[in-house]
Amino acid sequence: MTDQTLKNAASGVLSLEAYSPGMPIDELQRRLGVSNAIKLASNENPLGASDKVKAALAAAVARENLALYPDGSGHRLKQKIAAMHDIALDRITLGNGSNDIIELLGRVFLGPRRAALYSAHAFAVYSIITQAQDARAVVVPARPATDAQPYGHDLPAFSKALAANPDVALVFIANPNNPTGTVLEPREIEAFLTATPSSVIVALDEAYFEYLDAALRPAMRAWLDRFPNLIVFRTFSKAYGLAGLRVGYSLSSAALADVLNRVRQPFNNNSLALLAAEVALDDQDYVQASVELNARERARLAAALQAKGLTVLPSQANFLTVGFGRDAKPIHQGLLEQGVIVRPLASYELPQFLRVTVGTQAENDRFLEALTVVLKAS
Ligand SMILES: *Cc1c(COP(=O)(O)O)cnc(C)c1O
């Protein structure tokens, strides 16, 4: 008798490849027997969580009744977010990471007769949710390698593709983009929003917003009042140093937040994560220190990589995308054997590139030394 278990599973899910995360340090140590491995693969904050967050969590574990469900509305955190952005509470959606919100959007707006539009070399979760919902993907070719924003989003091409594909319900823009680190000028995004019909939801993913140069920071708050089809994501996983706790949020119209709330798991953020995010929002000194460390080390790392003759894409994020001019897989493997985990980009159709998170000075030195060894051997 043949096994019929998956006979009725969604066809999009059956042809889907699961997201492959950066390898955890434990796994590398288990697999290769190396010790003192470092992970520069998932764009986490190398400073760890802020001391204030750690202290608040320790006190909360002792004090709070963890047997109780969390506040499903996340009211206290939403109040802080509302004050920060001068926005009404009913326009905020909290997610179990911003990935959760991407998924909520997909559940509401994508399905068999709908399409999502995004750039080549854009964040993998956009294509995963599209396929999982049995929706069509309209993947817009990226800017050329010779552009000032190599492999970056081409918004005029987005507009043309929108006109040619009336089934597009949802557009994803990552700014800065992962894994390229490329940015869009605020006026380019504004022109795209102005040209896009309000029946098309535009999701602006600002996971790396805090790392952007001041002149490149979009005026998204004003846009939210002008464009009811705009939704903006932010996360606590990068500059706020809380990737392990899974908190992100979106700002949108109240109507859009309301439909997302209908499919949201009632308790999608746990109580400790909610508390940590509240404390983290108040600790802007830590964010500032994280951003400054990143700017300093990113410039130093880029210069050292260029001095080795490698291509470094211009990055406004907390990672560098490095081109080797040949298949990067053996270099990735060599680095693993040296106890350094970085991110291969073959699944992003950038097989000659590796993405490396900007770490602490010591981590970056360790990476550069390992890379020297690997390049010499190959
Ligand atoms: C890291 C990242 C996120 C954040 O994901 P979380 O679920 O909030 O941890 C979102 N978008 C992009 C493009 C990212 O690189």
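Predicted model: local features only at pLDDT ≥ 70, side-chain atom pairs only at ≥ 80, totals over all residues.
**Stop one: the largest pocket**

Start by selecting E17, A124, S127, S347 and Y348. Of the 31 residues that line the largest pocket, these lie nearest its centre. The space you are looking into comes to about 740 Å³.

Next, colour the lining by residue class. Then switch to colouring by domain: domain 1 (11–40 + 285–377) and domain 2 (51–283) each provide at least three residues of the lining.

**Stop two: the second largest pocket**

Move on to the second largest pocket, with a volume of about 480 Å³. Select Y19, S42, N99, F123 and K238, which are the closest to its centre among the 26 residues that line it.

Bring up α5 (98–109) and α6 here, as each supplies at least two lining residues to the second largest pocket. The largest share of this lining, 3 residues, comes from α5. Colouring by class shows 11 nonpolar, 9 polar and 6 charged residues in the lining of the second largest pocket.

Finish with the domain colours on. Where does the second largest pocket lie relative to domain 1 and domain 2? Because domain 1 (11–40 + 285–377) and domain 2 (51–283) both give residues to its lining, the second largest pocket lies between them.

Terms used:
Residues numbered from 1 in each chain as written. Heavy atoms only, no water. 1 Å grid on protein atoms, 1.4 Å probe; cavity = no way out; pocket = protein on both sides within 12 Å on 5 of 7 lines; lining within 4 Å. Points joined across faces, edges and corners; volume = space filled by probe spheres on them. Domains from an automatic or database assignment. Helix = DSSP H or I, 4+ residues; strand = E, 2+ residues; numbered from the N terminus. Nonpolar A, V, L, I, M, F, W, Y, C, P; charged D, E, K, R; others polar.
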